[in-house]
Amino acid sequence: MTAITRPALEETEIPSQRPDTAGGLDEHRQLTTLQGWRRFIGDARTPPGLLPERTWAALTDQERIEYDEARLDHHSRLLVVATSTVRRVIAEGRRLTYLNRGADVGRCGMLLSGPARTGKTTALIQLGKTIELIHRQRHPRSPADIPVVYITTPPAATPRMVAAEFARFLGLPITRRSNITDVMESVCGVLIDARATLIAVDELHNIQLSSRSGGEVSDTLKYFSERIPATFVYAGIDIEQAGLLSGTRGEQIAGRFSMVPTGSFPLGEEWRGLIAALEGALRLHHHSPDALTGLEHYLHQRTAGMIGSLLRLVRSAAIQAVLDGSEEITKRTLQDIDVDIASERTRPLSP
C-alpha cells in the first residue's frame with residue numbers, strides 16, 4: 001500500500017474561511033476528514049449585524065432574502081458557549097499535552113463521559129481547535145503538520161474499521177487488499193512525521209469490550225497510543241456504565257486516563273449565564289432584551305438542564321422568528337417548538 005507522505009501534504013494549508021457553494025450556502029464541514037477539520041479550524045465568520053429599522057424596511061426583495069439567509073445561517077449555529085465543562089476539558093487537555101511531551105511510554109489521556117446532550121462532542125472539538133491553533137502559532141512555517149486528528153468510532157466497530165477511520169481522516173488510500181497492518185503502519189508513519197499532538201476519538205460507547213471485536217478495538221487504540229507520541233482523548237455516553245473501565249483492558253484505560261464527567265446544568269448562575277450568552281448572540285429585530293433570561297426556570301424545565309437541548313430549542317425558535325417575520329422569541333413561541341424526545345417528556349403542560 002502506498003502511503004501519503006509528508007511532501008504530498010505540503011501544499012495543504014488552513015483556509016482563512018470556508019468556501020461557499022454555488023448556491024451561496026457554506027460547504028458542509030466533515031470534521032472526520034483532514035480537509036473538513038482544517039475548514040473548521042479556519043472558520044473566521046463574523047456574526048451579521050442588525051440593520052437600522054429604516055434600512056431594514058427599505059430593503060428590496062432580493063436584499064431581504066440575502067439578509068435573512070445570513071441571519072438564518074447564523075442562528076443555525078449561534079455560538080459555542082464556554083461552559084465550565086468546555087473550560088475544564090481545554091485546561092486538562094492542554095496540561096496533558098505538556099505532561100506527555102517527553103513521555104516515551106505510558107502516556108496519560110482523558111475520558112469525557114456522560115449522558116447524551118451534555119456537550120461532550122462540543123468540548124472535544126473545542127479542545128482540538130485550541131490545540132491546533134496553538135500549534136499553528138508556534139510552527140507557522142509547518143503547514144503540513146497535522147497536530148490534531150478527530151475520528152468517531154463506527155457502530156459495531158472492528159479493528160480494521162477503526163484503523164480505516166484514521167486513514168480516512170488523513171486521506172490515505174485503502175483497497176480491499178490492504179490488511180490492517182498496512183493501514184496502521186501508514187497511519188502511524190504519517191502522524192509521527194506530521195507531529196500529531198492530540199488524537200480525539202468520539203462515540204467511544206460504540207465499543208463493546210464484552211465482545212471479541214470490542215476487545216480487539218480497544219487493543220488497536222492502545223497500539224496507536226503507544227506508537228503515536230500524542231495525547232489521546234476519548235468521549236462517549238456513560239462510558240463507565242458501558243463496561244469500558246472493567247476487566248483487564250478496562251483497568252489499563254482506568255490506570256492511564258483521567259475522567260471528566262458531563263451532565264445537566266443545575267438551575268443557577270451558570271445556567272443563567274448560558275441563556276444570557278445565547279440571547280446576546282440573537283439577531284432579531286423585535287426581540288425584547290432579557291426575555292430569555294427571564295424564562296430561565298421554564299427553559300430549565302423544558303430542557304432538563306441539558307445544554308444540547310437548550311441550544312436546539314433557542315436556535316429553532318430564532319430561525320422560526322425570522323421565517324414567520326415575528327422577529328422575537330417569547331414563551332409562547334418556545335412552547336410551539338418541538339425539540340428532542342427526551343426533552344419533550346419534561347415539557348410544561350401549559351405556556
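This is a predicted model: local features need pLDDT of at least 70, side-chain atom pairs count only at pLDDT 80 or more; totals for chains, interfaces and linings use all residues.
Asp238 lies in the loop between β4 (231-237) and α10 (247-256). Although Asp238 is not a glycine, its phi is positive, at about 45°. That is worth a look, because most residues other than glycine have a negative phi. With a relative accessibility of 22%, Asp238 counts as partly exposed.

Ala156 also has a positive phi, near 50°, and it is a residue other than glycine. You will find Ala156 in the loop between β2 (148-152) and α7 (159-170). Ala156 has a relative accessible area of 63%, so this residue is exposed, the cut-off being over 50%.

Next, let us turn to a histidine. His287 sits in the loop between α11 (269-280) and α12 (296-303). Its relative accessibility is 15%, and because buried means under 20%, His287 counts as buried.

Finally, the cysteines. Cys188 is buried, at 0% relative accessibility, whereas Cys108 is partly exposed, with a relative accessible area of 26%. How many disulfides does a search of the whole structure find? The search finds 0.

Definitions and conventions. Residues are numbered from 1 along each chain as its sequence is written. Side-chain values use heavy atoms; hydrogens and water are left out. Helices (H or I, at least four residues) and strands (E, at least two) are DSSP runs, numbered from the N terminus. Buried means under 20% relative accessible area, exposed over 50%, partly exposed in between (1.4 Å probe, protein chains only). A disulfide is a pair of cysteine sulfur atoms within 2.5 Å.
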